Amino acid sequence: MSRALALPAGRPDAGAGGGRLRRPSGLRPLLLLGLGALELPRGCRARQPRLSNVFQSHMVLQRGRPIEVWGFYAKHGETLDVMLNYEVSLGGQVGWAEAVVGEDGTWRANLGTPPPHVVGKQLRLALTRRGDEEPAQVLEDIVLGDVYLFSGQSNVDLPVSYVHQFNYQGEVEEEHFAEEMGQSGRLRLMIVPSHCGLRYHDGVLSSEFLNVQECRPCPPPFTKDKVLLADVNSCNLLGGHTDVYGYCTCDSLRWTRPSGALVRGFSAVAWFFGKALLETHVADGVPIGLVRSSWGATNIVVWSGPDALAKCPQEGQVPTSFAPYVKSSLWGHMIHPLRGVQFSAVIWVHGARNVGGLTPYMGGTYYACALQALIQDWRDKLEQLNLPFLIVEIPVYCNELDYRTWHTWCDDRASKLKFPDEHLPEMRIAQNQAESLPNVYVVSVMDEGSLKKAMGGAIHSERKPELGRRLALAARAAVYRDADVVWSGPTATFAWESDRNEVSVCFDTRGGGSLFLNESAICPSVVLPVYCTGATFELLSSGAWNTPVLVTVSGATAVLKVPPEVGRIERVRYAWSDWPICSVLSEAGMPARIFNIPVHREEAELMAFCPEDGSGAAGSRPSKAKSTTMDGAAVRGAWTTTTTTTAAPPLRDRGALHVIAILGTVIVSLPMLAIVVLAAQWQFAEHHMTGKPMKFHLLDQCNTDTSSEATDFQAPPSGQSSSYTSDTQAPTGQKHKNQVRSRPPSPRVAPLGQKTKVQVGGLVATRGISREVQGQRAASPGSRGGPPDSSRSSAKREGTSHAEEDPLLKHKKESPKSWLRFVKCSGDMPADK
């Protein structure tokens, strides 16, 4: 195992040489394997205890977790004291532990879990040999907060200045914000050494970071000053330059507070993630630590430990590259030294270097296995078995040459491809399959294609702020357990044949509400069809993919109309191209995720598990609604909070659940059926004994829903049909006294001031209007319903004859119970009681 000497306490000013130290006279140079350099007088190096160079001034230690520290170069058997204290101005001890040095000169101590009130306070970490008056090493300006590890390839490397290459004012404002964060200390940065003359062509498991200088502050991106452009070192990676702009990447940086100069070269994805997180309530008063450990153009095998590689064996060699390509090399040198450090989450931005066909260590099939093996192995080795992983889905670019695609522009007039290939969609599917593991969150950006001529080509989009924002949303769900956040778009759960010429797809909308269909979404006119096919949904039949005739959405279901000439549908897929058409969105504005799933035929079973409103609850088959359209730009960023969804049960369990549901319904219905039979028998007996007409009281009390009517009807005379409804005609010469009205499909309660009708015992009562209005209507000629007014009553007292008896009084005489129910439901009492 390689070892290194200590870092100097604190860090030199970034503007004064980037941390390089001059060699003092009389000191012997040592071979160092750590960030920075420290030279000690001869004879002292084996007896000087120190902390591992993983621990540095200005760092963020993960809050709410035990703090483990370790180090090297102490005398075997001696005792060391490790203390975590407040800064001198505050005083007080936060944690203490002792460590006994082992035979190999290494030691380890656990400081326990500091209390929550320490979060955000400035601390100092001191290492002292027992009996010495002065500490051997002191680290200052340490805080407790949340630490995030960013790893992968070049889309992690690309700096903030790359994002603003078309926006000078944006760069100025970003650097100003970085200065504010440096003053407050709310954001802290660190870069694990990469490049800097390092090759990492071995599989050694390092115990520390290898020795390099720090990068110098990157020059301003919008400058022509050749002196400034030349003032860099081997840890600065200069990108493309024009007459007016150029960017620079920093590839080695000890823990530090940010500044305008330092943020120019720091990871844009990490920076905009931290910035977005600070804008939410979850990070109030909590410092955020951003650690970048990445290297562009690297295959996943270099980030996989030996145990992870063993789970996905391949025959053949890893494709060579100008970047490290030896198996486990970057795992050993850039991740393994962090064992013992606690993180809130890992953000993994990777995949482009593994895009390809079915060759060893390449393609979606291998990557699906390798990514899940890497996640499990990192969790095990970092001793965080539930460590959240946020996986960034491979971005939109035009994949002309697989892993050798660098500067292909999506608006090129020609391509080496004759037909669309499927390697990029297959890689996205492989990444999405990682969500089969717990605490894995795949963040999609396949709706964020850019046609701007960014210096890094289409594969290196400048749209990192939106990616950082979506990652922050995922972190709120994964780390802070915010149940209200909408971090993902709809995900297809299953598909079935809903009709002879229809296929339905059920979505888990991830709390984003119902589906919306953006029918105006099309391919950019300048993008070739080999990169953007124009298809959204596609249906597989007899080995050929077909486009649906019509797509409609309702609730959480999309219904696809199958072309008449197409046979039985076997599979359905969505967004299957390099530049996909993202036409399906949630109400929250998040794009639906890519999928390729089989079509089932258990229609009755599957319908019960697809929610109508996208809430995750089981429901009936959604109605066939018109296509709902929404402009994607209009809803982007309109985040909403709804109930968390519940995944549908596996197919093998749905049959049993369906049978249980039917049995439960039958059991619950039996007592009600028995009551109805007994009531009918009693009515039948009363009819034969007294000769009274039979009446069936379907409802004995009022229903506040005006569509649910309390209805009485008399049994028809012998030989006449009883299927009378409000829409049927009575037999010739006979008038319906009572009618059964069908319930409207969508009941509504009338607002105040509007009227609805309730029919009870053949009478229609006006509800929802004032009694005064009812009285006025009753006084008008030909009015029906409502209590008789005073003019009608006085006319009767004066002996005025009426051709027809008052219908309310007639109903009271014929059916007192029904009359009382009418009075109760209408809320009005006739004048003549």
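**Working chat: burial, rings and helices**

Q: Tyr245, buried or exposed?
A: Tyr245 counts as buried because its relative accessibility is 3%. Buried means under 20% relative accessible area, exposed means over 50%, and partly exposed is in between, with a 1.4 Å probe and protein chains only.

Q: What kind of model is this?
A: The model is predicted: local features need pLDDT of at least 70, side-chain atom pairs count only at pLDDT 80 or more, and totals for chains, interfaces and linings use all residues. Residues are numbered from 1 along each chain as its sequence is written, and side-chain values use heavy atoms, with hydrogens and water left out.

Q: How many helices and strands in the chain?
A: The chain has 18 helices and 30 strands. Both are DSSP runs numbered from the N terminus: helices are H or I with at least four residues, strands are E with at least two.

Q: And what share of the chain is buried?
A: Of the 833 residues, 52% are buried.

Q: What about contacts between residues at least 24 apart?
A: They make up 73% of the contacts between residues at least 6 apart in sequence. Contact means heavy atoms within 4.5 Å.

Q: Back to rings. How many aromatic pairs in the whole structure?
A: The search finds 19. Rings of Phe, Tyr and Trp (for Trp, the six-membered ring) pair if their centres lie within 6.5 Å; planes under 30 degrees apart are stacked, over 60 edge-to-face, and the rest tilted.

Q: What does the pair of Phe55 and Trp70 look like?
A: Phe55 and Trp70 are edge-to-face, 4.9 Å centre to centre with 75 degrees between the planes. The pair links distant parts of the chain, 15 residues apart: Phe55 is in the loop between strand E1 (50–51) and strand E2 (60–62), and Trp70 is in strand E3 (residues 68–72). Phe55 and Trp70 are both buried.

Q: What are the figures for Phe222 and Tyr245?
A: The ring centres of Phe222 and Tyr245 are 5.2 Å apart and the planes stand at 50 degrees, so the pair is tilted. Phe222 counts as partly exposed because its relative accessibility is 25%.

Q: Which residues do ring pairs link into a cluster?
A: Trp303, Trp331, Trp348, Trp378 and Phe389.

Q: Helices now. How do H3 and H6 pack?
A: H3 (residues 168–184) and H6 (residues 268–278) pack at about 65 degrees, with their axes 13 Å apart. Axes are lines fitted to C-alpha atoms, for helices over the stretch in contact, and angles run from 0 to 180 degrees between N-to-C directions. The crossing of H3 and H6 is left-handed, a term for a near helix turned anticlockwise from the far one by less than a right angle; clockwise is right-handed.

Q: Which residues meet there in H3 and H6?
A: From H3, Glu174, Phe177, Ala178 and Met181; from H6, Trp271, Phe272, Lys275 and Leu278. By class, the H3 contact with H6 has 6 nonpolar, no polar and 2 charged residues. Ala, Val, Leu, Ile, Met, Phe, Trp, Tyr, Cys and Pro count as nonpolar, Asp, Glu, Lys and Arg as charged, and the others, Gly among them, as polar.

Q: How many residues of H9 are buried?
A: In H9, 15 of the 19 residues are buried. Helix H9 (residues 363–381) reaches 26 Å from first C-alpha to last, close to the 27 Å expected at 1.5 Å a residue; the expected span is 1.5 Å times one less than the number of residues.

Q: Why is H10 described as largely enclosed?
A: Because 8 of the 10 residues of helix H10 (residues 423–432) are buried. What covers the buried residues of H10 includes H9 and the strands E15 (389–392), E16 (440–443) and E26 (595–600).

Q: Where is Asn439?
A: Asn439 is in the loop between H10 and E16. Asn439 has a positive phi of about 60 degrees although it is not a glycine. With a relative accessible area of 18%, Asn439 is buried.
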